[in-house]
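Please look through the sequence and the structure shown here.

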Amino acid sequence: EGQAAGCIGLDGVVWPVNAPRYARADLGYWLAPTLWGKGLMTEAASAVVRFAFEQIGLHKVATRCFADNAASRRVIEKTGFRFVGRAEDDVWRDTGWITQLLYEMTAPEWPDVHTTMRISRPRPT
């Protein structure tokens, strides 16, 4: 209908360069409210995380969501991310500060890593 349905992507991709090595990115996404609750974003997030680990060889993907956004939290947890903490009063939106929940996943934690890994990760020197 000529309107955006949503978007997803990896932001802040950092490639390994000498030491220290990072090889990481942040996952971000948005989905139109009319499409919520259909599993679309969980499927898209899994595909992007798989791409991050298996195709471009990142070691870590991080993501975050507003603490009161239960649907986004479900997407993150169903994708397999591990909770690492809270960032209190982290973002200003509309009329106040919002707390965010922080999550991350490393390549060895990726659920499909042992059966589908197709790349050779760089080793620290």
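A nonpolar core is a set of buried Ala, Val, Leu, Ile, Met, Phe, Trp, Tyr and Cys residues joined through side-chain atoms within 4.5 Å. Buried here means under 20% relative accessible area. The model in view is predicted, and the largest core of this kind in it has 20 residues. The members that touch the most other members are Leu27, Val49, Phe53, Val61, Phe81, Tyr103 and Met105. At least two core residues come from each of strand S2 (24-31), H1, S3, helix H2 (70-79) and S5. Helix H1 gives the most, with six residues. In soluble globular proteins, nonpolar side chains tend to be buried together.

Which residues does valine 61 contact, leaving aside its neighbours within four places in sequence? The list is Leu10, Ala25, Leu27, Ala52, Phe53, Phe81, Glu104 and Met105.

Next, the overall layout. The protein chain contains three helices and five strands, and along the sequence they follow the pattern β-β-α-β-α-β-β-α. Of the 125 residues in the protein chain, 32% are buried. The protein chain exposes about 8100 Å², and carbon and sulfur atoms supply 53% of that area. Among contacts in the protein chain with a separation of 6 or more, 59% are between residues 24 or more positions apart.

Strands of a sheet pair through backbone hydrogen bonds, either parallel or antiparallel.

Strand S5 can be followed through its two pairings. Strand S3 (residues 60-66) and S5 run antiparallel and are joined by seven bridges; arginine 64 stands opposite leucine 102 in S5. S4 and S5 also run antiparallel, with eight bridges between them. In that pairing, arginine 82 has glutamate 104 in S5 as its bridge partner.

Phenylalanine 83 also lies in strand S4. Is phenylalanine 83 buried, partly exposed or exposed? Its relative accessibility is 44%, so phenylalanine 83 counts as partly exposed. Apart from neighbours within four places in sequence, phenylalanine 83 is in contact with Leu101, Leu102 and Tyr103. The C-alpha atoms of phenylalanine 83 and glutamate 104 are separated by 6.8 Å, although the two residues are 21 residues apart along the chain.

Aspartate 94 is not a glycine, yet has a positive phi of about 60°. With a relative accessibility of 67%, aspartate 94 is over the 50% cut-off and therefore counts as exposed. A positive phi also occurs at aspartate 89, where the value is near 45°; this residue is found within strand S4 (residues 82-93).

The structure holds three aromatic pairs. One of them joins phenylalanine 53 and tryptophan 110, with ring centres 6.2 Å apart and planes at 50°, so this pair is tilted. Phenylalanine 53 belongs to helix H1 (residues 40-55) and tryptophan 110 to the loop between S5 and helix H3 (113-116), so the pair ties together parts that are 57 residues apart in sequence. Both phenylalanine 53 and tryptophan 110 are buried. Another pair is formed by tryptophan 92 and tryptophan 97: the ring centres are 5.5 Å apart and the planes stand at 75°, so this pair is edge-to-face. A pair of aromatic rings is described by the distance of the centres and the angle of the planes.

Glycine 57 lies in the loop between H1 and S3. Is glycine 57 buried or exposed? Its relative accessible area is 14%, under the 20% cut-off, so glycine 57 is buried. Glycine 57 and alanine 23 are 34 residues apart in sequence, and their C-alpha atoms are 7.6 Å apart in space.

Note on methods:
Residues are numbered from 1 along each chain as its sequence is written. This is a predicted model: local features need pLDDT of at least 70, side-chain atom pairs count only at pLDDT 80 or more; totals for chains, interfaces and linings use all residues. Side-chain values use heavy atoms; hydrogens and water are left out. Helices (H or I, at least four residues) and strands (E, at least two) are DSSP runs, numbered from the N terminus. Buried means under 20% relative accessible area, exposed over 50%, partly exposed in between (1.4 Å probe, protein chains only). Two strands pair if DSSP finds at least two bridges between them. Contact means heavy atoms within 4.5 Å. Accessible areas come from the Shrake-Rupley method with a 1.4 Å probe; for residues, only the protein chains shown count as cover. Rings of Phe, Tyr and Trp (its six-membered ring) pair if their centres lie within 6.5 Å; planes under 30 degrees apart count as stacked, over 60 as edge-to-face and the rest as tilted.
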